[in-house]
Amino acid sequence: MFTGKTKYWWFQLLGWGAFFLMHLFFAWLYGKLDTPKDQCLFFKRACCFVLIGLVMTHIMRIFIRGLGLLNHKIGIQVLNFILLTFITALLCGLVEHQLLSRFSLFMPRELELLKRRGIWLMSIDGTISWCIYIFLWNAVYIIYHYERDYQQQQIDTLRLKSVVRELELKTIKSNINPHFIFNALNSIRALVDENPERARDAITELSNILRSSITMHKTETVMLRKELGIVEDYLALEQVRFEDRLLVDYHIDEQLLDKQIPPMILQTLVENAIKHGIGREVKGGVVSIAATIKNNFIELCVRNTGKLVYGNEDTGFGLNSIRDRLKLLYPGRSGFEIKQLTPETVEAKIALPA
């Protein structure tokens, strides 16, 4: 990769080298390279031309950067560059005249014009030619910097969007905490005397869930296999509380176990099903969890016994967090819906790109 300074000098050499080749072509076309003397004179004059162009445009660039001409409004920039172009071209014409005079590089026709018109008129002629070259140099320089600044602005905008997206995700994730912690602790306390071994297992399950909740901000996705492990721990704890009032049914396509999904998103659906479904049913009910692939989309579906109360489940923080995370992670490429599937069953479904 070229640094800015290296790239600048490459452009300088290539640009003035192109002017040199252009002069060479026209000198050959008009028969000015027929004799060794003509060839020697041409190459000496061409070297002077390239040297003057390199040095004077570099000095001009120092002034442009030093005075911050690219930082002004466009109207002021245009006026500044027109004035700078004329001044630089005038200096180039004077320097070129001095070099040609010092090393006796004038052509016979130029010597005759010099005697008739004088040094200043000759310098003005040279200035007009140099104005064209300096104007082209400035045009390329300005266009390059505008293009570079535009690209940098685009990169900065994308970086800002990425940072905002990351902060939004962290904000959403930081608010996702299991609502069942106190119920789980009460259930574990009751198990300590009745079934110490099950109490130890319950503590491990609760620890796994809390660990996943705390560390979920470190990654945007996890394998479905790992997410199902958290869901199983969660449901195992809830079965301690609901006992035979909670039945669980799994329908998981094993080919999807290694697929990536957002962390804790399936657990949030299951938690919502328990809190707003099974928890409100006197006789309890069934939670059915399915993961299938359909039309190149991973479908995560949670069904539970219960009735959908619009304005509650539909606007709850847990479900809103799912919508927000899907919008940030898969803009326009995901789906989420919750509906009353049958009079006794609520269905929540998420569609993710496979």
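Arg303 counts as partly exposed because its relative accessibility is 37%, where partly exposed covers the range between buried, under 20% relative accessible area, and exposed, over 50%, with a 1.4 Å probe and protein chains only. The model is predicted, so local features need pLDDT of at least 70 and side-chain atom pairs count only at pLDDT 80 or more, while totals for chains, interfaces and linings use all residues. Residues are numbered from 1 along each chain as its sequence is written, and side-chain values use heavy atoms, with hydrogens and water left out.

The side chain of Arg303 meets that of Glu347 in a salt bridge at 2.8 Å, N to O, the term meaning a side-chain nitrogen of Lys or Arg within 4 Å of a carboxyl oxygen of Asp or Glu. This pair links distant parts of the chain, with Glu347 in strand E7 and Arg303 in strand E5, 44 residues apart; strands (E, at least two residues) and helices (H or I, at least four) are DSSP runs numbered from the N terminus. Glu347 counts as buried because its relative accessibility is 2%.

Glu347 also forms a salt bridge with Lys339, the closest N and O atoms being 4.0 Å apart, and Lys339 is partly exposed at a relative accessible area of 32%.

## Another salt bridge

The count of salt bridges comes to seven, and one of them brings together the side chains of Arg198 and Glu205 at 3.3 Å, N to O. Glu205 counts as buried because its relative accessibility is 12%.

## The enclosed space

The count comes to one cavity of 30 Å³ or more, a cavity being a set of points, on a 1 Å grid over the protein atoms alone, where a 1.4 Å probe fits but cannot get out, and its lining residues having an atom within 4 Å of a point. The largest cavity holds about 90 Å³ of space, and of the 14 residues that line it, the closest to its centre are Asn272, Ala273, Asn304, Ile338 and Val346.

Helix H8 (265-276), strand E5 (297-305) and strand E7 (345-353) are the elements that give two or more residues to this lining, and H8 supplies the largest share, four residues.

Methods. On a 1 Å grid over the protein atoms alone, a cavity is a set of points where a 1.4 Å probe fits but cannot get out, and a pocket is an open set with protein on both sides within 12 Å along at least five of seven lines; lining residues have an atom within 4 Å of a point. Grid points are joined across faces, edges and corners, and a volume is the space filled by probe spheres set on the points.
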